[in-house]
Amino acid sequence: MATKKSPAELSTEECLSRLSKKYSGYTPDEFVKTGLLSVDIVLGGKGIPMGKLIDVSSESGLGKSTLLLHIAKSLCDQGHKCVWIDSECALSDSILNGIDNANNAPVGPLMKYKDEGMFEIFTVSSYAAVEEILDMLMPQGDFKFYFIDSLTNITSEAFLKSTVYDKDAKSVDSVTVAEDARVQSKFMKKVKVFAKQYMATIFFVSQQRTYINMGYGGKPSGAVRAGGKAIKYNMDGMIDIINLGEIKEKKTTLNGEEEIKVGRNIALYIQEKCRFGPGNVKVPAVIYYGKGYSNASTLRRFMETKQVADGNKLAPMLSNSGRSYTIRLGDEKIKLDGGNAVKEYIKENFDKILSFFDASDFALVQEDFNEALQNSTADSLGDDFDVVIDDGPVNDDEFDSGDDFEVTID
C-alpha cells in the first residue's frame, strides 16, 4: 500500500490541490438589494452583503425591529426565505400585518409570507436555542437571511436554569455576568464561521445602554452597545440608528383633535466598523411605527436635508412657510399648496427627484450610488406621509461628521 507523501515531498501545486480540497477558497462578494433606499445606500450602495454579520443598534423605541421586519418583507418579495429569531417575544399578528401594508389589507404581505413558509418565526431565550436553529437550517441552504431580535435579550442556559429550589443549581443572583459574556463570545465565533461557510447573512438587533465614565481621562460618558466585546470584534458591519425627531399626525380622538406620534425621522449611520463598504456613511430615513420604512417619505427627508443653489445663496431643496411649499430642482422652482400636494408630487416624480442627488451627498462612489437607486421606487409605503411635525432638537454635533449634507428643520 502506497504511503501518503509528506508535505516536504509534495510540489507547491500538489500542496495547493490538497489544501483546496480541505479548505474552501476565496468567495467572491455577493449582494442582495433591499429596495429600501436608505438601507441600500448605508450598506455601501450594493445592498445586503452575503455571508456577513450585521448589527443594528439604537436606544429603545427608534424602530430597529420595524426596519428589519420591512427588510425581511422586501427579501421575501424577491423569493428569499427568512428566519426571524425572537428573544423578546415581541411579534404579534397586528405587527406582522402592518408591515408595508399601506392599504390596510386584512392580511399583510409579511403575514402572507409567514403562512406560505417564506418567513419562519422562532421564539427563543438562550444561545443554545439559537445555535440549534442555525445548526439545522444553515446547512440546508434554503434560508439565507436570519434576524435575531435581540442579541441583548439572549442569555445562557445556566442563567435560565438558575433556581433557589435546586441545591445543585445556582440562583439568579449567583450567576455571574462573566458567564454570559463567555457564552456570547463562543457563540459569536461559531456563527461567524457558519455565516461565511454557508453564505448566509445574520442581522442582530442590539440595545444601547448608557456608559458612565467613573475614572479620569477615560472614554467620555455616552451611549454604547450592551453586551460583551465579542459583538464588536465579530460583526462585519455595525449600523447605529440616530433619533432625528418624532413624526406626528393630527387625528380626532375622544379628547378632540390631537397630535399622535406615528413614526420617527432617523439617520442610519455606519461609523464604527464596515468590512463590505466605505463606512462613515450616514443617511436620513423615515420609519412609521408598526408599518415600516417609506421610500417616498425618506426622499422627502433627503430633499429637506439637501442644500441647493437658489440665486446667489443656498436653500433646502424642499422648504415651506406655513402651507406653502417650494421645491427647487435645478432651474425649476415648484410651488405647492399643502403637504398632500407635496406627497403626490414626490410620488409622481420620484425618479426625477432622485436624479438631482449624487454619490457625494452620501460619501459613496458614483457607481455604487447608481446601483443603490436601481430597485428603489416610491411604492413602499408611499401613501403614509402627510404634513409632519418634527420634534427635536436634532443634535447637529452628533449628526455632522464631514458629510456633504446638513439637517435642517423647517
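A search of the whole structure, which is a predicted model, finds 17 salt bridges. In general, side chains of opposite charge can pair when their charged atoms come close. One of the salt bridges joins Lys112 to Glu116, with the closest N and O atoms 2.9 Å apart. Both residues belong to helix H5, and because Lys112 and Glu116 are 4 residues apart there, about one helical turn separates them.

**Helix packing**

Two packed helices are described by the angle between their axes and the distance between the axes. Two such pairs are set out below.

| Helix pair | Axis angle | Axis distance |
|---|---|---|
| H3 (residues 64–77) and H5 (residues 109–116) | about 60° | 10 Å |
| H10 (residues 295–305) and H11 (residues 339–348) | roughly 105° | within 10 Å |

Helix H5, which carries the Lys112 and Glu116 pair, packs against H3 at an angle of about 60°. That angle makes H3 oblique to H5. The crossing of H3 and H5 is left-handed. On the H3 side, the residues that meet H5 are Leu69, Lys73, Cys76 and Asp77, and their counterparts in H5 are Pro109, Leu110 and Tyr113. Sorted by class, this contact of H3 with H5 has 5 nonpolar and 2 charged residues, and no polar ones.

The axes of H10 and H11 cross at roughly 105°, and these two helices are therefore roughly perpendicular to each other. H10 contributes Ala296, Leu299, Arg300 and Met303 to the contact, while H11 contributes Gly339, Val342, Ile346 and Lys347. The residues of the contact of H10 with H11 divide into 5 nonpolar, 1 polar and 2 charged.

Strands of a sheet pair through backbone hydrogen bonds, either parallel or antiparallel.

The pairing of E15 with strand E16 (residues 324–329) is antiparallel and runs over 4 bridges. Ser319 has Thr326 of E16 as its bridge partner. The hairpin of E15 and E16 has 2 residues between the strands, and within this hairpin Gly322 takes a positive phi near 65°.

**Backbone exceptions**

Most residues other than glycine have a negative phi, and most peptide bonds are trans. Where does the backbone of Cys89 lie, and what is its phi? Cys89 is found in the loop between strand E4 (81–86) and helix H4 (93–98). Although Cys89 is not a glycine, its phi is positive, at about 50°.

A cis peptide bond is formed between Asp149 and Ser150, with omega of about 0°. Ser150 is found in the loop between strand E6 (143–149) and helix H7 (157–160).

Conventions
Residues numbered from 1 in each chain as written. Predicted model: local features only at pLDDT ≥ 70, side-chain atom pairs only at ≥ 80, totals over all residues. Heavy atoms only, no water. Axes fitted to C-alpha atoms, helices over the stretch in contact; angles between N-to-C directions. Parallel < 35°, antiparallel > 145°, perpendicular 65-115°, else oblique. Contact = heavy atoms within 4.5 Å. Nonpolar A, V, L, I, M, F, W, Y, C, P; charged D, E, K, R; others polar. Pairing = 2+ DSSP bridges. Left-handed = near helix turned anticlockwise from the far one by under 90°. Salt bridge = Lys/Arg side-chain N within 4 Å of Asp/Glu carboxyl O.
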